[in-house]
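Welcome, and thanks for looking at this model with us. Below is a short tour of its ligand site, its backbone and one patch on its surface.

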Amino acid sequence: MVKYLDLQKINASFEPELTEAVERTVTSGWYLFGAEVEEFERRFARYCGVGHCVGVGNGLDALTLIFMSYVSLGRMQRGDEVIVPANTYIASILAVLRAGLKPVFCEPEWETCDIDADKIEALVTSRTKAVMVVHLYGRMCRMDAVREMACRYGLYVVEDCAQAHGAMYNGKKAGALGHAAGFSFYPGKNLGALGDAGAVTTDDDELAGRVRALANYGSSAKYVHPYIGINSRMDEMQAAVLNVKLGRLDADNHQRREVARQYGEKIKAKELWLPVVDDEQAHVFHIFTVFTPLRDSLQSYLKARGIQALIHYPIPPHRQESLRDYAALSLPVTERIHREELSLPMSPLLTEEEISQVADAVNSFFVSVNG
Ligand SMILES: *Cc1c(COP(=O)(O)O)cnc(C)c1O
């Protein structure tokens, strides 16, 4: 059996430090707004190369709070538009909607599955205020092109870094390439907590302050509430866990690249589209994607051989009932990605034997369909 992601094995590899961190928090008697969160915020800001990191409850809240803050600061108005990649995980889109803004869907590039920078300009209107990039599957977007375009139209660039912890683009880390970024530390992410957690990174002092206030009931000081806020905080337990795991993030990403390299070497099937890597540092392989029109039968074939492969994601956002207003859009690249994508097992602890087992099964599937 090769699991898609063996979280139990991953977290066991952080022992005894992980359990020590949890026990330290339990016995400390202090569970919110404490030293662990402060330390994590300081270290993660330095890691990303930005002035501020604000710990929050989860990734969706991180992104939502960025847009809520722009509205609260008067830099955006309700009904303003934010251009988002049409093939993202639905959370990116929900963040825009929750802030009272309007998502405008942009097609991705087939080769990278990231937003197609050349297709952004045609979507810009007088109400466009921002472009949200999503470094999907762990691969950095073409940020030079996005930023040049955004700069020309005076748009904010917001990064959804939920899948891209530690990815680099031209010497800068994900989270430092736009005006603000949202991270998720959902357990299965490249940097994962033991529950929900998230963070906002930014160099914008005013924005960081507003995010912090809005995440804490819109308060500027205890029992003083100038803004309509929410309750979304990173707790001490999750921060303590993340402080242990952050130290190994770069090494883990390196291992993920090594797994990807081995998949590339061992998978011989010419019909299968594998990730193209031009810059090693720009992909942290949160998800190892392959593409084939025979996706569903390949998935069942692997399952029958004890290999768990998943689909990210089976239904595109504009085909979701909650987003029915977008159902009429023609998004052929997005739809093809959702039809053909399959995610092979990926983890920094995947063994060479497991990688070979997966690659052999993939190869034999294509031998069998080619008769
Ligand atoms: C995981 C994820 C999120 C949401 O993060 P949560 O912590 O689960 O709220 C947002 N965007 C993308 C691209 C994600 O993969």
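Predicted model: local features only at pLDDT ≥ 70, side-chain atom pairs only at ≥ 80, totals over all residues.

Helices (H or I, at least four residues) and strands (E, at least two) are DSSP runs, numbered from the N terminus. Residues are numbered from 1 along each chain as its sequence is written, and side-chain values use heavy atoms, with hydrogens and water left out.

Let us stay with the backbone for a moment. Phi of Tyr217 is near 60°, a positive value in a residue other than glycine. Asn170, in the loop between strand 6 (168-169) and strand 7 (172-173), also is a non-glycine residue with positive phi, near 45°. For exposure, buried means under 20% relative accessible area, exposed over 50%, and partly exposed in between (1.4 Å probe, protein chains only). Asn170 counts as exposed because its relative accessible area is 56%, whereas Tyr217 is partly exposed at 41%.

Two cis peptide bonds are worth a look as well. One joins Glu15 and Pro16, with omega about 5°; Pro16 sits in the loop between helix 1 (7-12) and helix 2. Another joins His312 and Tyr313, with omega about 10°, and Tyr313 belongs to the loop between helix 10 (295-304) and helix 11 (332-340).

Now to the ligand. The residues around it (a heavy atom within 4 Å) include Asn58, Tyr89, Val134, Ser184 and Lys189. The table gives polar contacts, meaning pairs of N or O atoms within 3.5 Å.

| Residue | Atom in the residue | Ligand atom | Distance |
|---|---|---|---|
| Leu60 | polar backbone atom | oxygen | 2.9 Å |
| Asp160 | polar side-chain atom | nitrogen | 2.8 Å |
| Gln163 | side-chain N or O atom | oxygen | 2.8 Å |

Taken alone, the ligand exposes 380 Å², and the protein buries 90% of that. Such accessible areas come from the Shrake-Rupley method with a 1.4 Å probe; for residues, only the protein chains shown count as cover.

Which residues form a nonpolar patch on the surface? They are Trp30, Tyr31, Leu32 and Phe33, with about 450 Å² of accessible area together. Leu32 lies in the loop between helix 2 (17-28) and helix 3 (35-48), and it is partly exposed at 33% relative accessibility. Patches are made of residues with over 30% relative accessible area and no salt bridge, with like charges joined within 9 Å and nonpolar side chains (Val, Leu, Ile, Met, Phe, Trp, Tyr) within 5 Å. A salt bridge is a side-chain nitrogen of Lys or Arg within 4 Å of a carboxyl oxygen of Asp or Glu.

Notes:
Polar contact = N/O pair within 3.5 Å; in protein donor to acceptor, adjacent residues only side chain to side chain.
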